[in-house]
Amino acid sequence: LLITAPGFCGEIGSIDYAQVIQNYSKAKTAYVEIDDRATELQRFLMDKEKEFKRIESPVQKKAFEETTAKAFQLKQEAFAKFKAQKEESIDKEIQAAVKAVALENKLDVVLDDQAIFYGGVDVTQKIIQKLNARPATP
């Protein structure tokens with residue numbers, strides 16, 4: 001029984017997830033958009049800081065701080081939601097490509113290459129090619 005056990009093991013594939021992200025054109029675009037939104041958030045705070053310095057009245061400063069804090073919180077929540085949606089979309093597309101490549105190459109499982117010390121079939125480039133060959137979706 002122990003001698004035949006290795007016969008039950010299927011083909012294993014591996015993927016360098018970081019390399020996929022770096023070379024998937026839609027992921028690159030999404031991360032540029034995320035960075036742009038983060039920069040907008042920082043710019044908002046810098047602009048508000050300049051406005052704050054021009055206010056002389058302590059009462060007006062207090063009201064300005066409260067208003068700014070609420071506005072910043074809303075912007076921060078919108079940014080977090082935007083980022084999560086972009087990342088989730090990219091992750092779903094990568095998972096679909098991994099499944100498709102696994103089926104095409106008759107792989108039973110695809111693991112992150114960090115989890116494999118020896119063996120397996122590296123399908124990273126095939127996944128990148130499949131992802132970049134897909135038509136762009138909004």
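Helix H3 (residues 58-104) and helix H4 (residues 124-133) pack with their axes 9 Å apart and at an angle of about 120°. The crossing in which H3 passes H4 is right-handed. All of this refers to a predicted model.

On the H3 side, the contact is made by Glu93, Ile94, Ala97, Val98, Ala100, Val101 and Glu104. H4 contributes Lys126, Ile127, Lys130 and Leu131. By residue class, the contact of H3 with H4 divides into seven nonpolar and four charged residues, with no polar ones.

The structure holds two aromatic pairs. A pair of aromatic rings is described by the distance of the centres and the angle of the planes. For Phe44 and Phe72, the ring centres are 6.4 Å apart and the planes are at 10°, so the pair is stacked; the cut-off for stacking is planes under 30 degrees apart.

Lys106 has a positive phi of about 55°, although it is not a glycine. Most residues other than glycine have a negative phi. Lys106 counts as exposed, with 67% relative accessibility, because the limit for that class is over 50%.

Ser14 lies in strand S1 (residues 12-15). Leaving out residues up to four places away in sequence, Ser14 touches Val110, Leu111, Asp113, Ile116, Val121, Asp122, Val123 and Thr124. Ser14 is buried, since its relative accessible area is 7% and the class takes values under 20%.

The accessibility values for the individual residues are listed below.

| Residue | Relative accessible area | Class |
|---|---|---|
| Ser14 | 7% | buried |
| Lys106 | 67% | exposed |

Terms used: Residues numbered from 1 in each chain as written. Predicted model: local features only at pLDDT ≥ 70, side-chain atom pairs only at ≥ 80, totals over all residues. Heavy atoms only, no water. Helix = DSSP H or I, 4+ residues; strand = E, 2+ residues; numbered from the N terminus. Buried < 20%, exposed > 50% of the residue type's maximum accessible area, 1.4 Å probe, protein only. Contact = heavy atoms within 4.5 Å. Axes fitted to C-alpha atoms, helices over the stretch in contact; angles between N-to-C directions. Left-handed = near helix turned anticlockwise from the far one by under 90°. Nonpolar A, V, L, I, M, F, W, Y, C, P; charged D, E, K, R; others polar. Phe/Tyr/Trp six-rings, centres within 6.5 Å; stacked < 30°, edge-to-face > 60°.
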